[in-house]
Amino acid sequence: AFATAPPLLTVGFRMFTAGTGINFRHPTEARPAYVAILAMPFTYSIAEGISFGIITYTVMNALTGNGKKISALMYILTILFIGKYIFL
């Protein structure tokens with residue numbers, strides 16, 4: 001535990017500094033970031049937080065009419081993540 005704490009803190013700080021690049025003026029950019037940031041500690045998994053963020057980002061942009069700016073890969077990932085939560 002003593003050996004892993006410093007690297008985990010370093011990674012956490014570096015991940016959190018990426019939050020300064022969030023565009024808070026556009027809700028379709030900020031809300032998925034909030035979902036991802038909040039989901040990580042609640043699910044105890046960085047991967048789950050990222051998947052919730054991807055789902056939220058794709059759904060919010062599709063519902064607000066910005067679906068053209070989302071790549072096909074994001075749609076595929078969203079479908080796969082939703083399928084994962086439905087079937088697992």
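Predicted model: local features only at pLDDT ≥ 70, side-chain atom pairs only at ≥ 80, totals over all residues.

Trainee: Fine. How many helices and strands does the protein have?

Mentor: There are 4 helices and 0 strands. Read along the sequence, that gives the pattern α-α-α-α. The C-alpha trace spans about 50 × 35 × 20 Å along its principal axes.

Trainee: What share of the residues counts as buried?

Mentor: Of the 88 residues, 25% count as buried. Among contacts between residues at least 6 apart in sequence, 39% join residues at least 24 apart.

Trainee: Now the packing. How do I describe two packed helices?

Mentor: You give the angle between their axes and the distance between the axes.

Trainee: Which residues of α2 and α3 meet?

Mentor: From α2 you have P27, T28, E29, R31, P32, V35, A36, A39, M40 and T43. They meet I46, E48, G49, I50, F52, G53, T56, Y57, M60 and N61 in α3. By type, the residues of this contact divide into 11 nonpolar, 6 polar and 3 charged.

Trainee: R31 is in that list. Where does it sit, and how accessible is R31?

Mentor: R31 belongs to helix α2. Its relative accessibility is 49%, so R31 counts as partly exposed; the label "exposed" starts over 50%.

Trainee: Which residues make the contact of α3 with α4?

Mentor: On the α3 side they are E48, S51, F52, I54, I55, Y57, T58 and A62. On the α4 side they are M74, Y75, L77, T78, F81, I82, K84 and Y85. Those residues split into 11 nonpolar, 3 polar and 2 charged.

Trainee: I'd like to look at rings next. How is a pair of aromatic rings described?

Mentor: By the distance of the centres and the angle of the planes. A search of the whole structure finds 2 aromatic pairs. F24 and Y34 form a tilted pair, with 6.0 Å centre to centre and 35° between the planes. F24 lies in the loop between α1 and α2 while Y34 lies in helix α2, so this pair ties together parts that are 10 residues apart in sequence. Y34 is partly exposed, at a relative accessible area of 41%.

Trainee: Are the rings of F52 and Y85 stacked or edge-to-face?

Mentor: Their centres are 5.1 Å apart and their planes are at 5°, so the pair is stacked. F52 lies in helix α3 and Y85 in helix α4, so the pair ties together parts that are 33 residues apart in sequence. Y85 is partly exposed, with a relative accessible area of 29%.

Trainee: F52 keeps coming up. What else does F52 touch?

Mentor: Leaving aside residues up to four places away in sequence, F52 touches V35, A39, T43 and Y85. F52 counts as partly exposed, at 28% relative accessibility. Its C-alpha atom is separated by 9.4 Å from that of A33, 19 residues apart along the chain.

Trainee: One last feature: what should I expect of phi?

Mentor: Most residues other than glycine have a negative phi. Now look at Y44, which has a positive phi of about 60° although it is not a glycine.

Trainee: Where is Y44 found, and is Y44 buried or exposed?

Mentor: Y44 is in the loop between α2 and α3. Its relative accessibility is 78%, so Y44 counts as exposed.

Technical notes: Residues numbered from 1 in each chain as written. Heavy atoms only, no water. Buried < 20%, exposed > 50% of the residue type's maximum accessible area, 1.4 Å probe, protein only. Contact = heavy atoms within 4.5 Å. Helix = DSSP H or I, 4+ residues; strand = E, 2+ residues; numbered from the N terminus. Nonpolar A, V, L, I, M, F, W, Y, C, P; charged D, E, K, R; others polar. Phe/Tyr/Trp six-rings, centres within 6.5 Å; stacked < 30°, edge-to-face > 60°.
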